[in-house]
Amino acid sequence: ISQTPLLLLSGGANSFQKLFSVQESMPDQFILTPLDSDSLISQINLIFKNNLPSAMVITNSFGQMTTVNFSNVIENKIIPDSQFKLNIPKGVDVLGG
């Protein structure tokens with residue numbers, strides 16, 4: 001998670017509180033700072049609107065910022081398995097499968 005910030009949105013609070021210091025900077029905005037000093041990410045700002053994520057601003061260790069805006073967020077929508085189809089190209093080894 002510390003190297004892949006979008007995984008924050010798929011786990012529970014316990015999964016990232018072990019990796020990040022969390023501070024509420026203002027209502028509905030949180031600053032996450034990695035506890036690992038060697039992290040490629042220096043800070044993540046999570047912004048919520050109506051209790052749903054609206055944006056994530058990721059600052060890397062070089063000070064570069066990436067902003068991910070979320071729109072049309074639907075919480076816990078059930079997606080049928082038929083929506084997913086795995087096509088493994090020829091010549092690719094599948095490990096553990």
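Predicted model: local features only at pLDDT ≥ 70, side-chain atom pairs only at ≥ 80, totals over all residues.

Modeller: Two strands pair if DSSP finds at least two bridges between them. Residues are numbered from 1 along each chain as its sequence is written, and side-chain values use heavy atoms, with hydrogens and water left out.

Colleague: Which order do the elements of the chain run in?
Modeller: From the N terminus on they read α-β-β-β-β-β, that is, 1 helix and 5 strands.

Colleague: How do you know that β2 and β3 pair?
Modeller: DSSP has to find at least two bridges, and β2 and β3 have 4, in the antiparallel sense. L32 stands opposite I44 in β3. The two strands form a hairpin with 6 residues between them.

Colleague: What makes β3 and β4 a pair?
Modeller: They share 8 bridges, again antiparallel, and N45 has V57 in β4 as its bridge partner. Their hairpin has 2 residues between the strands, and N50 in the turn has a positive phi of about 55°.

Colleague: What joins β4 to β5?
Modeller: 5 bridges join β4 to β5 (residues 65-69), and these strands run antiparallel. The bridge partner of I58 in β5 is T66. With 4 residues between the strands of this hairpin, G63 takes a positive phi near 85°.

Colleague: Why is S39 called buried?
Modeller: Buried means under 20% relative accessible area, exposed over 50%, and partly exposed in between (1.4 Å probe, protein chains only). S39 has 7%, so it is buried. Its place is in the loop between β2 (29-34) and β3.

Colleague: What does the side chain of S39 reach?
Modeller: It reaches the backbone nitrogen of I41 at 3.1 Å. A polar contact is a pair of N or O atoms within 3.5 Å; within protein, one must be able to donate a hydrogen and the other to accept it, and residues adjacent in sequence count only if both atoms are side-chain atoms.

Colleague: Which residues make up the largest nonpolar core?
Modeller: It has 8 residues: F16, F20, L32, I41, I44, L46, M56 and I58. The elements giving two or more residues to this core are β3 (41-49) and β4 (52-60), and β3 gives the most, with 3. The term stands for a set of buried Ala, Val, Leu, Ile, Met, Phe, Trp, Tyr and Cys residues joined through side-chain atoms within 4.5 Å.

Colleague: How many aromatic pairs are there?
Modeller: The rule is that rings of Phe, Tyr and Trp (its six-membered ring) pair if their centres lie within 6.5 Å; planes under 30 degrees apart count as stacked, over 60 as edge-to-face and the rest as tilted. By this rule the count comes to 1.

Colleague: Why is the pair of F30 and F48 called edge-to-face?
Modeller: The ring centres of F30 and F48 are 6.0 Å apart and the planes stand at 85°, so the pair is edge-to-face. F30 lies in strand β2 and F48 in strand β3, so the pair ties together parts 18 residues apart in sequence.

Colleague: Are F30 and F48 buried or exposed, or in between?
Modeller: In between: F30 counts as partly exposed at 26% relative accessibility, and F48 is partly exposed at 25%.
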